[in-house]
Amino acid sequence: MPAKKATTATKRVAAAKRTAKKATPPQKSTTAKPTEKTPTATKKTPTATKKATVTKKATVTKKATATKKAAPSSKPALKISQPESRLSLVRRARRINRELAEVYPYAHPELDFENPFQLLVATVLSAQTTDLRVNQTTPRLFAAYPTPEDLAAANPEDVEELIRPTGFFRAKTKSIMGLAAALRDRHGGEVPGRLADLVKLPGVGRKTANVVLGNAFGVPGITVDTHFGRLVRRWKWTDSEDPEKIEALICDIFPKSDWTMLSHRIIFHGRRICHARKPACGACPIAHLCPAYGEGETDPEKAQKLLKYEKGGLPGQRLKPPPDYPGTAAPPLAAG
């Protein structure tokens, strides 16, 4: 009997404990509150970071905009891939030609001449000097020796004295008298209209031959002088220094019908704006297409003062310019 009573008492105690546990409300853990707030704090952190990032971006954008407005003469956004694709180069080169055509619709050969013989002689004399100096010199030369036969029979000392202002007058006298004799003896006193014949004349190379063919005979050709070579290298059309290679490369970029006028436009631009030592980048109408922008003066007002000939309000190179030339004629030698 005592064992049974003990068992009953044990059961009663266990039942009483269960009843007390159910009746007592669950106590909130002291660590629950911070635990519940932790997600809230975590949730606010990315929001704050996002706001800070937006503010930072807005500040950077604002500064960049202010910098852009404050520097109107900064380099135009011309991006050329390395290496530039063939298609991209051709498109850019042809666009430069079109825009130069709008800038220089009056582009022309800047040597005075009335016939192929005069242009041939003037072009030979233009080596190592300016077209202006040649134009100031040739009127007396052609007045004294109007035909190849006359020049071929001249006294070399008299010819030297007449062309002395062009420099290298002894070598040039030998060349022009030699080509005059060749025209008289081989071509009946006429200037040939073929490249192969022209380059066989004394003192005549491909550049001179293309000048004569393009401007006296209407045969398209590329004239690679110092200005032409300098500009096509600046524009990254080629990196070659060889005139014949340059000629071949440029001929491959443009249709044949563009060759002669392309030469005039590039030479005009090189003489007036894109100078050798200090190009007037700030006054250049094709700066947005030029990968060499910034090599010269970029300030528009300072660049404007660097412009030459009609672009700078000065006389041109020809004493007898074509009717559509917008500048004034050059003065004769005595007045210069």
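Biologist: How many residues line the largest cavity, and which lie nearest its centre?
Modeller: Rolling a probe the size of a water molecule over the atoms shows where empty space is left. Here 14 residues line the largest cavity, and C274, P279, C281, C284 and C290 lie nearest its centre. A cavity is a set of points, on a 1 Å grid over the protein atoms alone, where a 1.4 Å probe fits but cannot get out; lining residues have an atom within 4 Å of a point. This is a predicted model, where local features need pLDDT of at least 70 and side-chain atom pairs need 80 or more, while totals for chains, interfaces and linings use all residues. Residues are numbered from 1 along each chain as its sequence is written, and side-chain values use heavy atoms, without hydrogens or water.

Biologist: How much space lies in the largest cavity?
Modeller: About 100 Å³. Volume is the space filled by probe spheres set on the grid points, which are joined across faces, edges and corners. The whole structure holds 1 cavity of 30 Å³ or more. Its lining has 11 nonpolar, 1 polar and 2 charged residues. Nonpolar covers Ala, Val, Leu, Ile, Met, Phe, Trp, Tyr, Cys and Pro; charged covers Asp, Glu, Lys and Arg; the others, Gly among them, are polar.

Biologist: Which residues are closest to the centre of the largest pocket?
Modeller: A pocket is an open set of points with protein on both sides within 12 Å along at least five of seven lines. The largest pocket holds about 770 Å³ of space. Of its 32 lining residues, T129, D225, T226, H227 and R271 are the closest to the centre. By class, that lining has 9 nonpolar, 15 polar and 8 charged residues.

Biologist: Which helix gives the largest share of that lining?
Modeller: α13, with 6 residues. Helices are DSSP runs (H or I, at least four residues), numbered from the N terminus. α4, α10, α11 (226-234) and α13 (259-272) each supply at least two lining residues.

Biologist: What lines the second largest pocket?
Modeller: D112, F113, E114, Q118, N135, T138, P139, F142, R318, L319 and K320. Helix α5 (residues 131-144) gives the most, 4 residues. About 180 Å³ of space lies in this pocket. Its lining has 4 nonpolar, 3 polar and 4 charged residues.

Biologist: At what angle do α4 and α10 pack?
Modeller: Two packed helices are described by the angle between their axes and the distance between the axes. Helix α4 (residues 116-125) and helix α10 (residues 206-216) pack at about 150°, with axes 10 Å apart. That makes α4 roughly antiparallel (over 145 degrees) to α10. Axes are lines fitted to C-alpha atoms over the stretch in contact, and angles run from 0 to 180 degrees between N-to-C directions. P116, L119, L120, T123 and V124 in α4 meet T208, V211, V212, N215 and A216 in α10. This contact (heavy atoms within 4.5 Å) has 7 nonpolar, 3 polar and no charged residues.

Biologist: What about α3 and α13?
Modeller: Helix α3 (residues 86-103) packs on α13 at about 70°, with axes 10 Å apart. That makes α3 roughly perpendicular (65 to 115 degrees) to α13. N97, L100 and A101 of α3 make the contact with L262, R265, I266 and H269 of α13. These residues divide into 4 nonpolar, 2 polar and 1 charged.

How values were computed:
Parallel < 35°, antiparallel > 145°, perpendicular 65-115°, else oblique.
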